[in-house]
There are 2 protein chains.
Amino acid sequence: MNIRTLCLGILSFGDATGYEIKKMAEDGLFSHFVEASYGSIYPALTRMTDEDLLTCRSETQDGKPDKKIYSITQAGRDELTTALTTRPKKDKFKSEFLFIMLMSEHLDQDHVSEVLSHRAQELADELEMIRACGEHLTKPGPRFVNGYGQAVMGAANDYVSKNLNFSTTQIEPSEVPERSPHVTVEAAE
Amino acid sequence: MNIRTLCLGILSFGDATGYEIKKMAEDGLFSHFVEASYGSIYPALTRMTDEDLLTCRSETQDGKPDKKIYSITQAGRDELTTALTTRPKKDKFKSEFLFIMLMSEHLDQDHVSEVLSHRAQELADELEMIRACGEHLTKPGPRFVNGYGQAVMGAANDYVSKNLNFSTTQIEPSEVPERSPHVTVEAAE
DNA sequence: ACCAATATATGTTGGATTGATATATAAAAT
DNA sequence: ATTTTATATATCAATCCAACATATATTGGT
């Protein structure tokens, strides 16, 4: 899957400009799927318009540069469906925070504690935002994705909160007994 | 943070070759921190050796090309510490699976169900692997990271397992009542 | 015994991608 | 009044990745 598919997917929800696509892909509801920057979005939109997967209408604006609003065509929807039908690649998760924690024995305790509490706050904020975003969702697809985000971010938030007392040199007594080999799946119903 | 810091971090745990670093960075215990490929690792190692952050000894092997084993120097450790002290960037999470789920209304139910059950299996397998990896860990840093992985992967696994009955068109009755505004944090102690 | 595939090991390269920058204006904040 | 932020498109140097090339050992199937 590539930048083309991301654009087609976003445009399948409604018309948009390159600028709007970038915003959605880096911050908004579309920020956890495929990476995107201006340098890849604008050429992709131009090429796909040439290939008749998109149409483009210019809206001349007072002062501002022309707004190029892109719409998906039937050929574009077909290409989107094809792309969505290929097996998804493995999820990609990269965390500099975890890298720092992994190396924490080489850092001093105060700094690590500060990093941890800072991350706890970030996670709490982000979780709250995801919850707020999810409240007005009605369609199954977006609801599923939001629920997934809440589940995963909630777990990360809980874990960091419970380990704020992490020590770089000593294993906390509260951590040790947890390594029970049996899974303890609670029947959550 | 960049590829240089990743290499320094890996080498701070022990000497390694470029080939070994690549393996660890794409599959092993170091696969969730910074992205890396041969095209970036080999030049980084060469340059850092020139800068005296690393030393390199060649081990001539029978037949095979010379094995270049890199070791971190004190200057390297200093640079690592500096890099680790800078504020970590936001975690990066990208999932084509979630993109497909988001767009599921444009796909047929059977295909989506198949994707879901396939992902459920993948998550279960991966979770089991993380649990196995974590059993022999003793140092606090690696234990923290492994615990984080278990928490997050466990949550993803639970969520997908509970939503195998996901429908592309209808919101399942079992999903609707869940959107309670209060958090229901169960005291896990 | 033979062959194919995989693993070890280093390195290069074409094409793609990013992050920064340039341009231009409006609105909001200080 | 002035700085910052937001809207909006586009380019480009620097970087990076995926794939390939090279060379040999090992494993596993037939």
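**Figure 1. Helices α1(A) and α3(A) cross with their axes within 10 Å, at roughly 75 degrees.** This angle falls between 65 and 115 degrees, so α1(A) is roughly perpendicular to α3(A). The model shown here and in the other views is predicted. Helix α3 of chain A covers residues 38-50. From α1(A), the residues that make the contact are A:Ile3, A:Arg4 and A:Cys7. From α3(A), they are A:Ser40, A:Ile41, A:Ala44, A:Leu45 and A:Met48. Sorted by class, the contact of these two helices holds six nonpolar residues, one polar and one charged.

**Figure 2. A:Ile72 sits in strand β2 of chain A, residues 67-72.** Is A:Ile72 buried or exposed? A:Ile72 has 23 other C-beta atoms within 10 Å, and 20 or more are needed, so A:Ile72 is buried. Its contacts, leaving aside neighbours within four places in sequence, are A:Leu8, A:Leu11, A:Ser12, A:Leu54 and A:Arg77. One of these, A:Leu8, is 64 residues away along the chain, yet the C-alpha atoms of A:Ile72 and A:Leu8 are separated by 6.7 Å.

**Figure 3. The fold of chain A comprises seven helices and three strands.** Along the sequence, the elements of chain A come in the order α-α-α-β-β-α-β-α-α-α. Chain A has 189 residues, of which 35% count as buried. Taking the contacts in chain A between residues at least 6 apart in sequence, 57% join residues at least 24 apart.

**Figure 4. The contact between the chains draws 52 residues from chain A and 52 residues from chain B.** On the side of chain A that touches chain B, at least two residues each come from α1 (3-12), α4 (74-85), β3 (92-94), α5 (96-102) and α7 (140-162). Which element of chain A gives the most to this side? That element is α7(A), with 15 residues. By class, the side of chain A that touches chain B is made up of 26 nonpolar, 15 polar and 11 charged residues.

**Figure 5. Strand β3(A) pairs with strand β3 of chain B, residues 92-94.** The two strands run antiparallel and are joined by three bridges. Within this pairing, A:Lys92 has B:Lys94 of β3(B) as its bridge partner.

**Figure 6. The largest nonpolar core has 91 residues.** Which residues have the most contacts inside this core? They are A:Cys7, A:Val152 and A:Ala156 of chain A, with B:Cys7, B:Val152 and B:Ala156 of chain B. For A:Ala156, the contacts beyond four places in sequence are A:Leu123, B:Tyr148, B:Ala151 and B:Val152. A:Cys7 also takes part in the contact of α1(A) with α3(A). In soluble globular proteins, nonpolar side chains tend to be buried together.

**Figure 7. B:Phe144 lies in helix α7 of chain B, residues 140-162.** B:Phe144 counts as buried because 25 C-beta neighbours lie inside 10 Å. Not counting residues up to four places away in sequence, B:Phe144 touches A:Met101, A:Asn163 and A:Phe166. In chain B, B:Gly134 is 10 residues from B:Phe144 in sequence, and their C-alpha atoms are 9.7 Å apart in space.

**Figure 8. B:Lys22 is placed in helix α2 of chain B, residues 18-26.** B:Lys22 is in contact with B:Ala36, B:Tyr38 and B:Ile41, leaving aside its neighbours within four places in sequence. The C-alpha atoms of B:Lys22 and B:Glu35 are 9.7 Å apart in space, while the two residues are 13 apart in sequence.

**Figure 9. A:Asp52 has a positive phi of about 65 degrees, and B:Asp52 has a positive phi of about 65 degrees.** Most residues other than glycine have a negative phi. A:Asp52 is located in the loop between α3 and β1 (54-59) of chain A. In chain B, B:Asp52 is located in the loop between α3 (38-50) and β1 (54-59). Are these residues buried or exposed? A:Asp52 is exposed, because it has 11 other C-beta atoms within 10 Å. B:Asp52 has 11 C-beta neighbours inside 10 Å and so counts as exposed.

Notes
Residues are numbered from 1 along each chain as its sequence is written. Chains are lettered from A and ligands numbered from 1 in the order in which they are written. This is a predicted model: local features need pLDDT of at least 70, side-chain atom pairs count only at pLDDT 80 or more; totals for chains, interfaces and linings use all residues. Two residues are in contact if their C-beta atoms, placed from the backbone, lie within 7 Å. Helices (H or I, at least four residues) and strands (E, at least two) are DSSP runs, numbered from the N terminus. Ala, Val, Leu, Ile, Met, Phe, Trp, Tyr, Cys and Pro count as nonpolar, Asp, Glu, Lys and Arg as charged, and the others, Gly among them, as polar. Two strands pair if DSSP finds at least two bridges between them. Axes are lines fitted to C-alpha atoms, for helices over the stretch in contact, and angles run from 0 to 180 degrees between N-to-C directions. Angles under 35 degrees count as roughly parallel, over 145 as roughly antiparallel, 65 to 115 as roughly perpendicular and the rest as oblique. A residue is buried if 20 or more other C-beta atoms lie within 10 Å of its own, exposed if 12 or fewer, and partly exposed in between; C-beta atoms are placed from the backbone. A nonpolar core is a set of buried Ala, Val, Leu, Ile, Met, Phe, Trp, Tyr and Cys residues joined through C-beta atoms within 7 Å.
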